[in-house]
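Colleague: Could you walk me through this one? I'd like to start with the pockets.

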Amino acid sequence: DAADGPRKPADLLDIVGLSRAVLDQYPRELSGGQCQRASFARALAVHPRVLVADEPVSALDVSVQARILNLMRDLRRGLGLAVILIAHDLAVVRNVCDRVCVMHKGLFADAGTADEVFARPTSDYTKNLLAAVPDVARELAKRI
């Protein structure tokens with residue numbers, strides 16, 4: 001709780017899975033994944049109840065994306081943290097989110113549980129977005 005005061009840097013690094021050696025490094029010396037973890041550590045310093053993550057994995061390679069998404073899930077569960085994820089990558093959204101709101105021109109086009117929105121979208125906009133997501137299994141089946 002915020003009344004406990006800020007967390008110590010070493011504790012924050014442990015929470016996000018970084019070594020304490022990072023404390024002696026410049027940002028330019030860190031990888032993209034390490035920078036993202038350090039950003040999470042900074043955000044967690046004041047015991048937030050809600051974390052807003054705007055495209056947190058968009059500039060990372062796929063393996064690093066998976067580790068950061070797992071970290072987000074762990075933070076959510078371990079700290080009781082609500083996470084608002086802003087993303088264009090629907091695979092990321094589907095993998096991480098319990099509830100989904102699809103926005104179009106500043107308005108909600110669809111909202112509900114992730115299962116509901118992905119299985120039964122109501123707006124044409126959401127249907128078109130989902131249709132545009134590559135489906136590797138479907139493409140392989142066409143070739144066979």
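Colleague: How much space lies in the largest pocket?

Modeller: First, this is a predicted model, so local features need pLDDT of at least 70 and side-chain atom pairs count only at pLDDT 80 or more, while totals for chains, interfaces and linings use all residues. Residues are numbered from 1 along each chain as its sequence is written, and side-chain values use heavy atoms, with hydrogens and water left out. A pocket is an open set of points on a 1 Å grid where a 1.4 Å probe fits, with protein on both sides within 12 Å along at least five of seven lines, and its volume is the space filled by probe spheres set on those points, joined across faces, edges and corners. For the largest pocket, that space is about 710 Å³.

Colleague: Which residues are closest to the centre of the second largest pocket?

Modeller: About 290 Å³ of space lies in this one. It is lined by 13 residues, and the closest to its centre are Leu13, Val22, Ala38, Ala41 and Arg42.

Colleague: What gives the most to the lining of the second largest pocket?

Modeller: Helix 1 (9-16) and helix 2 (32-44) each supply at least two residues. With 4 residues, the top giver is helix 2.

Colleague: Is Phe40 buried or exposed?

Modeller: Phe40 sits in helix 2, and its C-alpha is 9.7 Å from that of Pro56, 16 residues apart in sequence. Buried means under 20% relative accessible area, exposed over 50%, and partly exposed in between, using a 1.4 Å probe and protein chains only. Phe40 has 5%, so it is buried.

Colleague: And Thr122, buried or exposed?

Modeller: Thr122 lies in the loop between helix 5 and helix 6. Its C-alpha is 6.4 Å from that of Asp110, 12 residues apart in sequence. Its relative accessibility is 61%, so Thr122 counts as exposed.

Colleague: How many disulfides does the structure hold?

Modeller: A disulfide is counted when two cysteine sulfur atoms lie within 2.5 Å. Take Cys97, which is buried at 16% relative accessible area: its closest cysteine sulfur, in Cys101, is 9.6 Å away, too far for a bond. The total for the structure is 0.

Colleague: Which residue lies over the face of Tyr26?

Modeller: A charge sits over a ring if NZ of Lys or CZ of Arg is within 6 Å of the ring centre and within 35 degrees of the ring normal. At 4.6 Å from the ring centre, the residue over Tyr26 is Arg28.

Colleague: Last one: what share of the chain's residues count as buried?

Modeller: The chain has 7 helices and 4 strands, and its C-alpha atoms fill a box of roughly 50 × 35 × 25 Å along the principal axes. Of its 144 residues, the buried share is 33%.

Note on methods. 1 Å grid on protein atoms, 1.4 Å probe; cavity = no way out; pocket = protein on both sides within 12 Å on 5 of 7 lines; lining within 4 Å.
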